[in-house]
Amino acid sequence: MDAISVIRTKRDGGTLTDAQIDWVIESYTRGDTVADEQMSALAMAILLNGMSRAETARWTRAMIASGTRMDFSTLRRPTVDKHSTGGVGDKITLPLAPLVAACGAAVPQLSGRGLGHTGGTLDKLESVPGWRASLGTPGMLRVLDEVGAVICAAGEGLAPADKKLYALRDVTGTVESLPLIASSVMSKKIAEGTGALVLDVKAGSGAFMKTPAQARELATAMVELGTDHGVRTSALITDMSTPLGRTAGNALEVRESVEVLAGGGPEDVVELTLALAREMLDAAGLTDADPAKALADGTAMDHWRRMIEAQGGDPAAPLPVAREQHVVPAPASGTLTRLDAYAVGLAAWRLGAGRARKEDPVQAGAGIELHAKPGDRVTAGAPLLTLHTDTPDRFTSAQSALDDAITIGAGDGGASASIVLDRVRA
C-alpha cells in the first residue's frame, strides 16, 4: 500500500477500498508513511469527488479505531448525547443537559471551545467561578452516575485521527467537504460511546450550512453514519439566521441559560431546548418523561446546580461582568425585520468573546445583548443592542461588523416562525 496510489484512486473519481482507508488513516495518525502534503492532496480529492456512504462509514470507523472508545455500560441510566453544528448565541447545551438528566437519562456531553464567530460551550461554562472542563474518564463517570449529566472536554485518546486531520483541513481549504465534516463529527460522538445521539444541524447566515437543503444533506449523512455504527441517531434542522436568545457571549449566555432553568428566558431558547429534550428522551426510550414539567417544577435547575458543583463550580457565585458597555440605538422606528446572526457573532468575537486561534484567551464578560428580535417594534434612538467588553478600543470594529446587519421596516411584526425547520431520522 502506498499514499500515491490511494490519492490517485480518489483523484480519478474511484472508490477507496476498506483496506486503503484503514491504511491511510492509521499511517497518517501514526505519523509515518503518509505525510501532511499527501493527506492534504487526498482531502482535496475527497472534497472534489466526494465519497460514497460505504466509504464515509469506513473512513469514520477507521478514525474511531485510531483511539479509544468509551464505555458507559456500568451506568444505571440510558445514555443520550446532543451535538450542535454551531451557531451564534447557541447556549442550548447548558439548560438541555441537566433537563434531560432530570427526566431520567444520562447525558455525557463532550463539548469544545469556540473558534471564530461561533461560541464554545466550555468557554461559556468556564465563566462560572471554579468550574472545571477537564475531568478524565473516572471523573466523568462519577459525575454521570451521581448527577446524570456532565459537560466536559474530550480526552486526548478519543479519535486522535480526527484531531490531526481537522487541523490539516483547516489550513488547506478542505473543511467544506461534506463526508469529511460528517465523519469528523460522528467519529468523536460514536467513540464517546453514547447509546443514542440527537443532532442539531443549523441552517442560516450564522451557521456553517447556509440553507436548509445543505443542512438536510449534512444531517442525512450524519444520521446514516450513526445508524451504520449502531447508534440510534436523529437530527433536527434549526434556524440560525438570527441569534438564539437575546445574548451572545460567555457569561451573558450562562446567565440567560439559568433564566431558562428558572422557568423564564427567551421563547426561542425554551422552544429549542424542549424540542431537543423530547427528541433525546425518545431516542433513549424514555417516552413517558415530560421535560416541560421538569423545567417548570425546578428539578432541571436542581440538576444544573448539582452538575456545576460536581465539576468544582459555584452555581451561586456572581458571573463576570465586562468593565465597559456601549449602547447601539435603533436607527429608525418600525419593525425589526432582520438581525443577521453572522454579523452579531462576528461583533461578539471582536469584542473578545471568541478567538481567532485555539490558544487565544477569551473575555468571560464580553459579548452582545439584544434588546429586540425580528418581529419586535423598535423606536428610533431606543437601545437596540448593548456591547460588552473589557477593552473599549474594540467597540469601533465590533460596530463596523453590524453596519449591514439590521433591517427595520414598516408593519406591526407578526408571529415568529418555529425555530425547528425539519427533522431527519433513519
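This is a predicted model: local features need pLDDT of at least 70, side-chain atom pairs count only at pLDDT 80 or more; totals for chains, interfaces and linings use all residues.
Guide: One place to begin is a helix contact: D18, I21, D22, V24 and I25 in α2 meet E55, R58, W59, A62 and M63 in α4.

Visitor: What classes of residue are in the contact of α2 with α4?

Guide: That contact has 6 nonpolar and 4 charged residues, and no polar ones.

Visitor: How do the two helices lie, and at what angle do their axes cross?

Guide: Two packed helices are described by the angle between their axes and the distance between the axes. Here the axes of α2 (residues 18-30) and α4 (residues 53-65) cross at roughly 35° and come within 9 Å.

Visitor: Is the crossing of α2 and α4 left-handed or right-handed?

Guide: Right-handed.

Visitor: Where is T33 found?

Guide: T33 sits in the loop between α2 and α3, the latter being residues 36-49. Its phi is positive, near 75°, and T33 is not a glycine.

Visitor: Is T33 buried or exposed?

Guide: T33 has a relative accessible area of 54%, so it counts as exposed; the cut-off for exposed is over 50%.

Visitor: Which loop holds A159?

Guide: A159 is in the loop between β3 (149-153) and α8 (160-170). A159 also has a positive phi, near 45°, without being glycine.

Visitor: And is A159 buried or exposed?

Guide: A159 is buried, at a relative accessible area of 1%.

Visitor: Switching to α5. How many of its residues are buried?

Guide: 9 of the 10 residues in α5 are buried, so the helix is mostly covered. The buried ones are T93, L94, P95, L96, A97, P98, L99, V100 and A101.

Visitor: What follows α5?

Guide: G104 does, with a positive phi near 110°.

Visitor: Back to T93. Why does T93 count as buried?

Guide: Because its relative accessibility is 5%, and buried means under 20%. T93 belongs to helix α5, residues 93-102.

Visitor: What is T93 in contact with, leaving aside neighbours within four places in sequence?

Guide: T93 is in contact with K82, P98, Q109, S111, T121 and I151.

Visitor: On to the cores. How many residues are in the largest nonpolar core?

Guide: The largest nonpolar core has 114 residues. V100, V201, W304 and I368 are those with the most contacts inside it.

Visitor: Which helix gives the most to this core?

Guide: Helix α12, residues 267-283, gives the most, with 10 residues.

Visitor: What does W304 touch?

Guide: Not counting residues up to four places away in sequence, W304 touches L94, P98, L125, V254, V258 and L261. L94 and P98 are among the buried residues of α5.

Visitor: How many residues does the second core have?

Guide: The second core is separate and has 22 residues, including A43, I46, M51 and L168.

Visitor: Last topic, the sheet. What is the order of its 3 strands?

Guide: The order is β10-β8-β12, in an open sheet with antiparallel pairing.

Visitor: Why is one side of β10 and of β12 left without a neighbour in the sheet?

Guide: Because β10 (377-378) and β12 (406-409) stand at the edges, and each has a single partner strand.

Visitor: How many bridges join β8 to β10?

Guide: 2 bridges join β10 to β8, residues 334-339, and the two strands run antiparallel. In one of the pairs, G334 has V378 in β10 as its bridge partner.

Key
Residues are numbered from 1 along each chain as its sequence is written. Side-chain values use heavy atoms; hydrogens and water are left out. Helices (H or I, at least four residues) and strands (E, at least two) are DSSP runs, numbered from the N terminus. Buried means under 20% relative accessible area, exposed over 50%, partly exposed in between (1.4 Å probe, protein chains only). Contact means heavy atoms within 4.5 Å. Axes are lines fitted to C-alpha atoms, for helices over the stretch in contact, and angles run from 0 to 180 degrees between N-to-C directions. A crossing is left-handed if the near helix is turned anticlockwise from the far one by less than a right angle, and right-handed if clockwise. Ala, Val, Leu, Ile, Met, Phe, Trp, Tyr, Cys and Pro count as nonpolar, Asp, Glu, Lys and Arg as charged, and the others, Gly among them, as polar. A nonpolar core is a set of buried Ala, Val, Leu, Ile, Met, Phe, Trp, Tyr and Cys residues joined through side-chain atoms within 4.5 Å. Two strands pair if DSSP finds at least two bridges between them.
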